[in-house]
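Reader: Before I rely on the labels attached to this structure, I would like each of them to be set against its definition. Could you show me the structure and then take my questions in turn?

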Amino acid sequence: MPMTASGLRKLQDELKHLISVERPKISGEIEVARAHGDLRENAEYHAAKEKQGHIEGRINDINGWIARAEIIEVSKFKGSADIKFGAQVELLDLETDKKVAYRIVGEIEADLKKRWISVGSPVARGLIGKKVGETVTIQSPGGTKEYEVLKVTYEDAE
């Protein structure tokens with residue numbers, strides 16, 4: 001599972017927070033709800049137990065991702081002319097003449113609000129190996145798009 005170093009740090013921080021803050025907090029909520037009596041009809045208790053299940057599931061997921069993580073040192077690619085994992089890419093949409101930028105990251109790190117796309121996405125797959133100045137045709141669920149690669153940089157993002 002490819003991942004940037006900053007992506008791994010974020011997962012480790014979230015795991016630490018879940019274990020040291022959220023897990024003890026939900027245990028306290030369960031104890032308070034349990035003190036209210038009959039557990040069969042205690043909605044507060046059942047809600048707390050459900051929340052505990054979600055927290056434990058997330059902890060298990062994160063542990064699995066961390067165990068399978070393959071850290072890609074993006075800084076090694078600085079100065080590279082072609083697009084690889086970790087690249088910050090600036091493109092020109094040839095249909096609309098608008099610029100768009102993406103960062104190619106691991107699946108777990110992908111965040112469309114930040115314009116971070118998964119290395120497995122159609123856009124990223126179409127960009128990998130291309131160089132500045134090249135025209136790229138990308139097939140996506142929304143149709144075919146053509147872009148010109150304007151800029152490629154490599155920095156470890158936070």
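Author: What follows takes the labels one after another, beginning with the origin of the model.
This is a predicted model, in which local features need pLDDT of at least 70 and side-chain atom pairs count only at pLDDT 80 or more, while totals for chains, interfaces and linings use all residues. Residues are numbered from 1 along each chain as its sequence is written, and side-chain values use heavy atoms, with hydrogens and water left out.

Reader: What makes Thr4 buried or exposed?

Author: The term buried means under 20% relative accessible area, exposed means over 50%, and partly exposed lies in between, with a 1.4 Å probe and protein chains only. Thr4 has a relative accessible area of 2% and is therefore called buried. Its place is in strand β1.

Reader: Which side chain does the side chain of Thr4 meet in a polar contact of 2.3 Å, and what makes that a polar contact?

Author: The partner is the side chain of Glu109, at 2.3 Å. A polar contact is a pair of N or O atoms within 3.5 Å; within protein, one must be able to donate a hydrogen and the other to accept it, and residues adjacent in sequence count only if both atoms are side-chain atoms. The side chain of Thr4 also makes a polar contact with the side chain of Ser6, at 3.3 Å.

Reader: What is the reach of helix α1, and how does it stand against the expected span?

Author: Helices (H or I, at least four residues) and strands (E, at least two) are DSSP runs, numbered from the N terminus. The expected span of a helix is 1.5 Å times one less than its number of residues. Helix α1, residues 5–34, has 30 residues and reaches 42 Å from its first C-alpha to its last, which is close to the 44 Å expected. For α2, which has 26 residues, the reach is 38 Å and is close to the 38 Å expected.

Reader: Where is the kink in α1 centred, and how do you know its angle?

Author: The kink is centred on Leu18 and is about 35°. The bend at a residue is the angle between axes fitted to the seven residues ending there and the seven starting there. Leu18 is also among the buried residues of α1, which include Leu11, Leu15, Glu22 and Ile26.

Reader: What covers the buried residues of α1 and of α2?

Author: For α1, the cover includes β1 (2–4), α2 (43–68) and β2 (70–72), where contact means heavy atoms within 4.5 Å. For α2, whose buried residues include Tyr45, Ile55, Ile59 and Trp65, the cover includes β1 and α1. At the start of α2, a side-chain oxygen of Asn42 reaches to within 3.2 Å of the backbone nitrogen of Glu44.

Reader: Why is the pairing in the sheet called mixed?

Author: Two strands pair if DSSP finds at least two bridges between them. Three bridges join β4 to β5, which run parallel, whereas five bridges join β3 to β4, which run antiparallel. Seven bridges join β3 (residues 87–93) to β7 (residues 143–154), and these run antiparallel, as do β6 and β7, which are joined by six bridges. The five strands form an open sheet in the order β5-β4-β3-β7-β6, with mixed pairing.

Reader: What makes β5 and β6 edge strands?

Author: Each of them, β5 (116–118) and β6 (135–140), pairs on one side only.

Reader: Which residues stand opposite each other across these pairs?

Author: Among them, Val89 stands opposite Val152 in β7, Leu91 opposite Val149 in β7, and Glu90 opposite Ala101 in β4.

Reader: Why is β4 called largely enclosed?

Author: Five of the seven residues of β4 are buried, so β4 is largely enclosed by the rest of the structure.
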